[in-house]
Amino acid sequence: MNEEINLPTEHPDEKPVKPNSSLIKVLLWLAVLLFVPQILMFLGLGIFYGVQDAGFSEEAIDAKMTSVFTLLMMTLIAPIMTIPLLNAATQASNWRERFDFWALQPVITKILFISLGVGFMFWGVTSLVGDWLNIPIEQFMLDVKAASDSFIAVILVIVTVCFVVPVMEELIFRGWLYSKIAQTKLGNIGALISTSIIFTIIHTQYDNMITFFIILLLGLVLAFTRYKTGNVSYSIAIHILFNSLGIIVMFFFM
């Protein structure tokens, strides 16, 4: 006899909240979370490279600052500053309340496998459609592969793209931002749609419009998973799987 699995529509400890968040204030906080760590790291690395490469041309220093290796290093370091900012943006008195607000909860094994199955099917379908439409490989991915010319570089790509990026993006977008927007007049549906759109817009490293459409669909899948389960951990798992499969294809089939 098949065992029926009921997906919770919200976390059991989650209490209904009245619309009390200012959308403008939420978007300002989002800008802080996304850009302040990047600006500070960019300034810090600029000073570091300027001192280290004294006597080198400005063009050479600029090339280092905009290299894929530098961007990956900045991504790896960013959580050191992003997490404290995320804490400040969350009105909570302890970590339990923060985790509840971000919908970061323990996983149920069966629901985890269902989520991963959905993520794998989504990746498979979008990959087949991409091949069918003969979508060109994004230049950013080619640059990442070209920069992966050493063991350390490969490890850096795997750690940042497969783990750091999915965890941080889900905590910000499907965790904090989703909860904040859900507290406005937009509600859960508005949070689901708006977080997916903003998530798509920030991926400025890509050029192809079809790529942006796929990212939008991925955002909707991740947001719906968070909405349906009340647990961003499943969204994190899907995101890790999606990015990891992309990296495997990049290393072995590109």
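Residues are numbered from 1 along each chain as its sequence is written. Because the model is predicted, local features need pLDDT of at least 70 and side-chain atom pairs count only at pLDDT 80 or more, while totals for chains, interfaces and linings use all residues; side-chain values use heavy atoms, without hydrogens or water.

**Fold and surface**

The chain has eleven helices and zero strands, where helices (H or I, at least four residues) and strands (E, at least two) are DSSP runs numbered from the N terminus. Of its 254 residues, 43% count as buried, that is, under 20% relative accessible area with a 1.4 Å probe, protein chains only. The chain exposes about 14300 Å², and carbon and sulfur atoms supply 71% of this area, computed by the Shrake-Rupley method with a 1.4 Å probe. A contact means heavy atoms within 4.5 Å. Among contacts between residues at least 6 apart in sequence, 79% join residues at least 24 apart.

**Nonpolar cores**

A nonpolar core is a set of buried Ala, Val, Leu, Ile, Met, Phe, Trp, Tyr and Cys residues joined through side-chain atoms within 4.5 Å. The largest has 33 residues, and Leu-30, Phe-173, Trp-176 and Leu-177 have the most contacts inside it. Helix 8 gives the most, with ten residues. Not counting residues up to four places away in sequence, Phe-173 touches Leu-30, Leu-34, Tyr-178, Thr-195, Ile-198, Phe-199 and Ile-202.

**Arg-98**

Arg-98 lies in helix 5 (residues 95-101). Arg-98 is buried yet has no salt bridge, defined as a side-chain nitrogen of Lys or Arg within 4 Å of a carboxyl oxygen of Asp or Glu. The nearest side chain of opposite charge, Glu-97, is 7.7 Å away. Beyond four places in sequence, Arg-98 touches Asn-87, Thr-90 and Ala-92.

**Confidence**

The mean pLDDT (the predictor's confidence in each residue, from 0 to 100) is 88, and 84% of residues reach 70 or more.

| Stretch | pLDDT | Contacts beyond near neighbours in sequence |
|---|---|---|
| Residues 1-5 | below 50 | four contacts |
| Residues 12-18 | under 50 | five contacts |

Where pLDDT is low, the predicted coordinates should not be read in detail.

Terms used
Buried < 20%, exposed > 50% of the residue type's maximum accessible area, 1.4 Å probe, protein only. Lys, Arg positive; Asp, Glu negative; His and termini not counted.
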